[in-house]
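Here are a few friendly notes to read alongside the model. I have kept them brief and in numbered points.

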Amino acid sequence: MLEAVLCPEWGYRYHSFDEHWAEGESLASMRNGSGDDYSIVFSAAGAYIRGFDHESPMSPYAEDGPWPGVLDEVPGVFQAYVTEPAFSDDGLPRVTACMWREAGDDRWRTGTIDFPDVKNDDPDGADFLFELLVDRSAEAFQEWAQDYYEVPVDLGAVRHVLSSRPLTEEVVRALNPTIGLSDLVQDMGEIGYPTR
């Protein structure tokens with residue numbers, strides 16, 4: 001929701017969320033405009049995360065396919081996402097990092113991977129790609145958004161939205177004085193953001 005307020009044009013948003021991506025599925029995604037992206041699918045089966053760092057030595061383009069182990073152990077309930085056209089280029093899965101958690105799991109899981117011997121301590125790009133998912137603080141988002149969008153970002157308004165409290169005209173204008181609450185009705189529906 002923060003991204004929808006800061007960047008009203010969906011095509012230019014860094015992060016997006018679609019509560020109704022497919023029947024019974026929601027999708028969180030990131031596209032940075034430089035070739036890196038991730039997708040997180042939420043379904044009754046659990047959650048499936050796929051990330052792609054275009055500079056990773058584990059890139060499927062460098063290896064003529066996904067790095068060994070990245071997708072090899074993905075459970076059957078998530079196999080459709082491995083070959084999902086939205087996460088692939090002409091059938092080649094766009095992936096350097098993958099993890100999943102089935103509904104009954106007590107932890108996140110990954111494949112057994114022999115990472116490349118490189119001087120990079122983030123060879124699959126996971127630390128870089130999922131940084132804001134690990135640090136969910138309002139301060140982390142504010143710092144990131146101010147750097148990315150090059151505008152001041154009101155910390156109180158960020159806290160308001162991260163608390164999933166209904167938007168007000170004041171909160172919207174504190175984040176983006178060029179739009180109002182009425183400009184966000186469609187986005188709130190797509191995102192599933194609370195209105196009361």
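1. How many residues lie between β1 and β2 in their hairpin? There are two, and Gly 24 in the turn has a positive phi of about 75°. A word on provenance: this is a predicted model, where local features need pLDDT of at least 70, side-chain atom pairs count only at pLDDT 80 or more, and totals for chains, interfaces and linings use all residues. Residues are numbered from 1 along each chain as its sequence is written, and side-chain values use heavy atoms, with hydrogens and water left out.

2. Strand β1 (residues 15-22) pairs with strand β2 (residues 25-31) in the antiparallel sense, over five bridges. Pairing requires at least two DSSP bridges between the strands, and strands are DSSP E runs of at least two residues, helices H or I runs of at least four, numbered from the N terminus. Ser 16 has Ser 29 in β2 as its bridge partner.

3. Asp 90 sits in the loop between β5 (88-89) and β6 (92-93). Its phi is near 50°, a positive value in a residue other than glycine. Asp 90 is exposed, at 87% relative accessible area (exposed is over 50%, buried under 20%, partly exposed in between; 1.4 Å probe, protein chains only).

4. Glu 150 also deserves a look: this residue, in the loop between α6 (138-149) and α7 (155-162), has a positive phi near 55°. Glu 150 is exposed, with 69% relative accessibility.

5. Glu 131, in helix α5 (residues 131-134), is exposed at 55% relative accessible area.
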